[in-house]
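Colleague: Could you walk me through this model and tell me what stands behind each term you use?

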Amino acid sequence: MGQPEREWHLTLTDNRPIQFLLTNRYVQPAVHVVTVSIFAWAIWSAFMGPQNPDTNFGSVAFFGLWWSSVMLISLVVLGRVWCYFCPMGAIVRFTQRFGLKRHFPMFTGPNARVFGISLSVISITAITFLFARMPMYKLGVVFSPRLIGYYFLSFTTLTVGVSLVFQRQAFCRYICPATGVMSVTSKLSPFEIRQESETGVPCATLEYQSEYLSTDRRCVSCMKCTTQQPDEDVGLRVRWPGIAAVHQRIPLADEALLVIILWAVFPVDHVLGDHAAALVPLGEPWSDVIAYSVSVGAAIGAYLGANALGTWWSSVDWEASFTRFAYAYLPFSIMYMLGNHVIPGLMEEGGALLNVFFRGIGVPLALPEALASPSTIATWEWVSVTIWPLIAILWGVAIVWYSAKFLTKSDQQAIKAIAPHVVLLVVSTAWIIGLFGPLH
Ligand code: SF4
Ligand code: SF4
């Protein structure tokens, strides 16, 4: 299914400096020298710096600023722009030149059926995300700079190992824990940077039909298509947030599964995880690890249950419904993280985080610890449990409603197909924000 007609767009390459930045083949390698240097310095500092996560450069760079703030905010606003800067992506491209250049099994269609859903090699990224996320909080990695050093060193070793064997950025396509998250979350962004037409340049991600730069979909921003086709315009498209989830070029059940896993590990586990852990008669960290698995199982089970009810009532195809309706749960998953962690975290200690980061790279900065006043923070706390989740629900319902239009012949059938998902979304959100009692 093609992309919808653009409503508004700006041709970035009409501006000469921007055209140079986007099409000159030396610009991104220069950026990578900087980002790989900061990455290496952050790992070194994680081991050798102070072992207080609030003052350690590696800890602040990786988890205080990058993972929660830079990644999530940039994703929701602009899609996969992070891949342009990513030091891991730079390591992949550099390393694979010296490797065996073997073919990684590529996505060309479904490979296996689970619960009547066709899954492919793309689901590996759901598994790597689950396993990458688990140690962060369940094994306490984020609280120990030295463990953060080991964590990123392990990923770097995996990245180099995979790239020494496989070609075409196999790590980025199928293994990077962030790649699947970025692919689904970028569908919410109101902006997309993309070339105006297919370029015909052989692309690392050819199986996803990504033959032109796009911060949407699975393009890894290697800039091959802009540097090899410098005369093709690159534009900034503005669109309805979430329309890309409705008008999917290649709807994938694997990505729907990843959306449900995001729902599980972001909002659901934040509430259910604590309660489940208290019931597991094992000490930490096993009680937390088991509770994490319970959250994932409960979220997938609840989604399958809603899907079963909806398809039974409306006669909509089971797999098509599974693939499209998962996006109903995505806005709340992302907005929960932004509203409860990223935004209040930046308000309360954003200045301190920036001070540690910039001092770590030799730029003295002395911002106040909090970037917002206590009254602003208190107002935000109120917004985050009232208007914020309401917007998330309305956004999710709008996405699932327009998605249902693709699968049904009448409004009545569409309502029957999505009703169980809307009920599940509303009830679970009310439970997560504590409307049924003090859960936090
Ligand atoms: S896919 Fe992952 S490793 Fe590759 S460039 Fe993007 S964020 Fe980096
Ligand atoms: S060649 Fe173009 S479309 Fe393909 S990954 Fe690189 S930037 Fe993206």
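Modeller: Helix 15 gives the largest share of the lining of the largest pocket, twelve residues. The model is predicted, so to speak for itself: local features need pLDDT of at least 70, side-chain atom pairs pLDDT 80 or more, while totals for chains, interfaces and linings use all residues. Residues are numbered from 1 along each chain, and side-chain values use heavy atoms, without hydrogens and water.

Colleague: What makes the space a pocket?

Modeller: On a 1 Å grid over the protein atoms alone, a pocket is an open set of points where a 1.4 Å probe fits, with protein on both sides within 12 Å along at least five of seven lines. The largest holds about 1,000 Å³, the space filled by probe spheres set on the points. Its lining has 36 residues, and the closest to its centre include Tyr137, Asn340 and Glu349; lining means having an atom within 4 Å of a point.

Colleague: Which residues surround ligand 1?

Modeller: Among them are Arg80, Trp82, Cys83, Phe171 and Met182, where near means a heavy atom within 4 Å. Helix 4 (82-85) and helix 8 (170-175) are among the elements giving two or more residues to this shell.

Colleague: How many of the shell residues are nonpolar?

Modeller: Eight are nonpolar, with two polar and one charged. Cys and Met count as nonpolar, Arg as charged, and Gly as polar.

Key: Chains lettered and ligands numbered in written order. Helix = DSSP H or I, 4+ residues; strand = E, 2+ residues; numbered from the N terminus.
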